[in-house]
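Student: Can we go through this one together? I'd like to start with what counts as a contact.

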Amino acid sequence: RELARSEGRSMQSILDNAIEQYRREKFLRDANADFAAVRESAASWNEELADRALWERTLGDGLEKE
């Protein structure tokens, strides 16, 4: 209530923002944990590096740099 009052916003707005912030932080924590798991497995990491190499080729589209 104090936050809502001090910011001139509704409690629902404060709660909506807090929930969205939590959702984003959880997403990043989960993504970081998944990435760490890939790094721990040599086979998975090699597959990741191979995928990255394929994507790097898309940068060579034949267009001149501006």
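Tutor: A polar contact here is a pair of N or O atoms within 3.5 Å, where one must be able to donate a hydrogen and the other to accept it. Keep in mind that this is a predicted model.

Student: OK. Which side chain does Gln21 make a polar contact with, and at what distance?

Tutor: The side chain of Gln21 is joined to that of Glu25 by a polar contact of 2.9 Å. Gln21 is in helix H2.

Student: Is Gln21 buried, partly exposed or exposed?

Tutor: Gln21 counts as partly exposed, because its relative accessibility is 43% and that class covers values between 20% and 50%.

Student: And Lys26, what does its side chain touch?

Tutor: The Lys26 side chain makes a polar contact of 2.8 Å with the side chain of Asp30. Lys26 also sits in helix H2, which spans residues 11-40. With 35% relative accessibility, Lys26 is partly exposed.

Student: Stepping back, how many helices and strands does the protein have?

Tutor: Three helices and zero strands. Read from the N terminus, the order of elements is α-α-α.

Student: What share of the residues is buried?

Tutor: Buried residues are 5% of the 66 in the protein.

Student: And the surface, how much is there and how much of it is carbon and sulfur?

Tutor: The accessible surface is about 6,300 Å², and carbon and sulfur atoms account for 54% of that.

Student: Salt bridges next. How many are there?

Tutor: The count is five salt bridges, taking a side-chain nitrogen of Lys or Arg within 4 Å of a carboxyl oxygen of Asp or Glu.

Student: Which residue pairs with Arg9?

Tutor: Arg9 forms a salt bridge with Glu7, at 2.6 Å from N to O. Arg9 is partly exposed at 29% relative accessibility, and Glu7 is partly exposed at 43%.

Student: What about Glu20, which arginines does it bridge to?

Tutor: One is Arg23, with the side chains meeting at 2.6 Å, N to O. Glu20 also forms a salt bridge with Arg24, where the closest N and O atoms are 2.8 Å apart. Because these salt bridges share partners, Glu20, Arg23 and Arg24 belong to one network.

Student: Where do those residues sit relative to each other along the helix?

Tutor: Glu20 and Arg23 are three residues apart in helix H2, about one turn. Arg24 and Glu20 are four residues apart in helix H2, so about one helical turn separates them.

Student: How accessible are the members of that network?

Tutor: Glu20 has 28% relative accessibility and counts as partly exposed. Arg23 is partly exposed as well, at 47%. Arg24 is partly exposed at 49%.

Student: Changing topic: how do H2 and H3 cross?

Tutor: Their axes come within 5 Å and cross at roughly 105 degrees, H3 being residues 42-57. That makes H2 roughly perpendicular to H3, because angles of 65 to 115 degrees are put in that class.

Student: Why give both an angle and a distance?

Tutor: Two packed helices are described by the angle between their axes and by the distance between those axes.

Student: Which residues meet where H2 and H3 touch?

Tutor: From H2, Phe35, Val38, Arg39 and Glu40 take part. On the H3 side they meet Ala42, Ser44, Trp45, Glu48 and Arg52.

Student: Last one, Leu15. Where is it, and how far is its C-alpha from that of Ala4?

Tutor: Leu15 is found in helix H2.

Student: Is Leu15 buried or partly exposed?

Tutor: Leu15 is partly exposed, because its relative accessible area is 45% and buried means under 20%.

Notes
Residues are numbered from 1 along each chain as its sequence is written. This is a predicted model: local features need pLDDT of at least 70, side-chain atom pairs count only at pLDDT 80 or more; totals for chains, interfaces and linings use all residues. Side-chain values use heavy atoms; hydrogens and water are left out. Helices (H or I, at least four residues) and strands (E, at least two) are DSSP runs, numbered from the N terminus. Buried means under 20% relative accessible area, exposed over 50%, partly exposed in between (1.4 Å probe, protein chains only). Accessible areas come from the Shrake-Rupley method with a 1.4 Å probe; for residues, only the protein chains shown count as cover. Axes are lines fitted to C-alpha atoms, for helices over the stretch in contact, and angles run from 0 to 180 degrees between N-to-C directions. Angles under 35 degrees count as roughly parallel, over 145 as roughly antiparallel, 65 to 115 as roughly perpendicular and the rest as oblique. Contact means heavy atoms within 4.5 Å.
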